[in-house]
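Take a walk through this structure with me. We begin with a group of rings, move on to a sheet, and end with charges over rings.

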Amino acid sequence: MTDATPLKLFNSLTRQLETFEPVHPGEARVYSCGPTVYNYPHIGNMRAYVFADVLGRVLSFKGYKLSHVINITDVGHLTDDADAGEDKMEKMAAKEAKSIWAIAEHYTEAYWADIKALNIRQPMEWSVATKYVPAMIAFAEKIADKHCYELDSGLYFDVASVADYGRLARAHTEEGEGRIEAVEGKRNAADFAIWRKTPAGETRQMEWDSPWGRGAPGWHLECSVMSGQLLGFPFDIHTGGIDHREIHHPNEIAQNQAFCCSGGLDVPGNSGAKLWMHNNFLVERSGKMSKSSGEFLRLQLLIDKGYHPLAYRLMCLQAQYRSELEFSWEGLGAALTRLKRLVMAVEQLRARLNDEGGSVIEGAEPGPKFAPLREAFAAAVSDDLGTPIALTQLEAVVALKKVDLGQKLAVIAQMDSVLGLNLLALTRAELRLKPKAATITEAEIDEVLAARRQARADKDFARSDALRDALAARGVEAMDGDPLGWDWKLEA
């Protein structure tokens with residue numbers, strides 16, 4: 001099934017909803033700003049990739065061939081996104097007494113593990129920054145004469161040399177650029193490094209020869225080069241977190257303008273991409289979203305506490321991507337419960353269909369009861385990826401009675417191809433994760449539950465309640481009526 005409902009997406013550059021019209025008919029080309037692999041990603045970072053994955057799934061749902069690139073930044077990103085401070089990769093390599101290449105490999109693999117756990121589809125290509133350094137130097141050489149100037153510390157981009165600098169951020173003022181590094185000799189406060197020279201007397205693990213001296217590329221340069229090389233300018237959509245909207249993406253846009261045309265941003269394609277899309281922040285009140293806090297909120301921490309990673313994906317889908325999403329353990333628990341209900345319902349449907357000897361018929365036109373729900377689902381995801389409403393339409397399909405089971409599962413599969421919850425493969429048993437801190441064993445749980453069943457059979461309800469309370473005190477909830485018998489519920 002593909003859907004012909006016009007797709008409306010919010011363009012951060014124009015601050016309005018726009019109908020998606022691809023640069024190349026039948027194909028959607030998307031670039032997503034990926035991680036700097038100097039540390040584990042936190043769950044706020046991962047919200048950006050759930051958002052980009054849903055975007056890609058919606059484009060596939062619409063029938064487009066998807067060409068999606070996500071970069072891996074393994075060089076050049078500094079400790080401040082505003083182009084200041086130490087190189088994050090070099091800093092972590094020194095802290096862990098490892099080579100920078102080993103650091104990059106370890107944290108890239110950790111990031112990819114989170115991608116897999118969240119059922120995020122693989123992009124067309126993972127573009128690794130260090131593989132594109134010669135292309136970055138060639139890009140910088142092309143724009144240097146008209147748009148850059150050299151200082152002792154490196155080659156800097158003159159933002160006054162392109163039209164409409166800062167339009168994406170809506171913050172083109174000296175005051176608005178207060179986060180930018182103050183470097184003696186810069187022409188404008190917002191000017192940024194294209195190439196950073198290695199300081200005299202220092203040696204970096206990652207450095208290359210260039211016309212401006214030995215050093216490393218600026219972070220902003222990397223995405224311009226990789227997106228242009230792999231997707232061509234202009235491509236369709238550039239995604240990232242809302243924090244990129246203020247500095248990183250305006251700097252990318254300036255470089256793209258310089259490389260392609262120097263034209264103004266009244267023509268969105270001059271920015272390098274026709275649409276710029278940004279997900280909002282995940283807000284966590286305890287302060288554990290910051291990687292400097294030590295035990296920050298990683299996806300693995302959620303798993304260690306007994307929450308399936310797809311519960312976090314569902315939590316993200318419950319909010320529109322441009323809205324702030326507040327994280328709480330209670331909210332995550334509610335999302336897990338919602339996911340369990342969906343999974344259990346689909347499991348039961350599959351079992352009934354199997355008992356009846358039926359099958360899911362791909363491509364079959366479902367009955368009239370499904371039509372309004374399918375239309376409402378398509379309208380929701382076509383309205384700037386409206387996943388909260390789409391989820392309610394999925395649940396309405398799951399709740400339908402007196403319909404063909406094969407058709408019902410086919411419609412669920414179609415909707416889940418967009419939402420990515422893996423409903424037709426996931427089992428209720430797989431959602432029952434034992435928290436790392438749990439001290440009771442599964443054998444002990446089964447023994448207590450057996451005693452509780454006997455107590456209930458003997459109508460000794462006081463003993464039954466006491467056994468249930470004993471389990472609850474150790475973080476286990478007895479699930480009466482659930483064929484699996486029990487569930488974990490440790491306090492977060």
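Start with the aromatic side chains: ring pairs link Tyr31, Phe139, Phe233, Phe235 and Phe259 into a cluster. Rings of Phe, Tyr and Trp (its six-membered ring) pair if their centres lie within 6.5 Å; planes under 30 degrees apart are stacked, over 60 edge-to-face, and the rest tilted. The model is predicted, with pLDDT of at least 70 required for local features and 80 or more for side-chain atom pairs, while totals for chains, interfaces and linings use all residues. Residues are numbered from 1 along each chain as its sequence is written, and side-chain values use heavy atoms, leaving out hydrogens and water.

Now turn to the sheet. Strands of a sheet pair through backbone hydrogen bonds, either parallel or antiparallel. Here five strands form an open sheet in the order E7-E4-E3-E12-E13, and the pairing is parallel. Strand E7 (125-128) and strand E13 (273-279) are the edges, each pairing on one side only. On average, neighbouring strands are turned by 25° against each other, direction ignored. Strands are DSSP runs of E with at least two residues, helices are runs of H or I with at least four, and both are numbered from the N terminus. Two strands pair if DSSP finds at least two bridges between them.

Strand E12 (residues 235-241) and E13 run parallel, joined by six bridges. His238 stands opposite Trp276 in E13.

At E7, a helix comes in. Helix H3 (residues 100-117) lies across strand E4 (65-72) and E7, at about 145° to E4. Contact here means heavy atoms within 4.5 Å. Axes are lines fitted to C-alpha atoms, for helices over the stretch in contact, with angles from 0 to 180 degrees between N-to-C directions.

How many aromatic pairs are there? The count comes to 17. One of them joins Trp112 and Trp126, a tilted pair at 5.6 Å centre to centre with 50° between the planes. Trp112 lies in helix H3 and Trp126 in strand E7, so the pair ties together parts 14 residues apart in sequence. Trp112 is partly exposed at 28% relative accessibility. Trp126 is buried at 16%. Buried means under 20% relative accessible area, exposed over 50%, and partly exposed in between (1.4 Å probe, protein chains only).

Tyr149 and Tyr156 make a stacked pair, 6.3 Å centre to centre and 25° between the planes. Both are buried.

The charged end of Arg298 sits over the ring of Tyr40, 3.7 Å from its centre. Arg432 has its charged end over the ring of Trp486, 3.5 Å from the centre. The rule asks for NZ of Lys or CZ of Arg within 6 Å of the ring centre and within 35 degrees of the ring normal.
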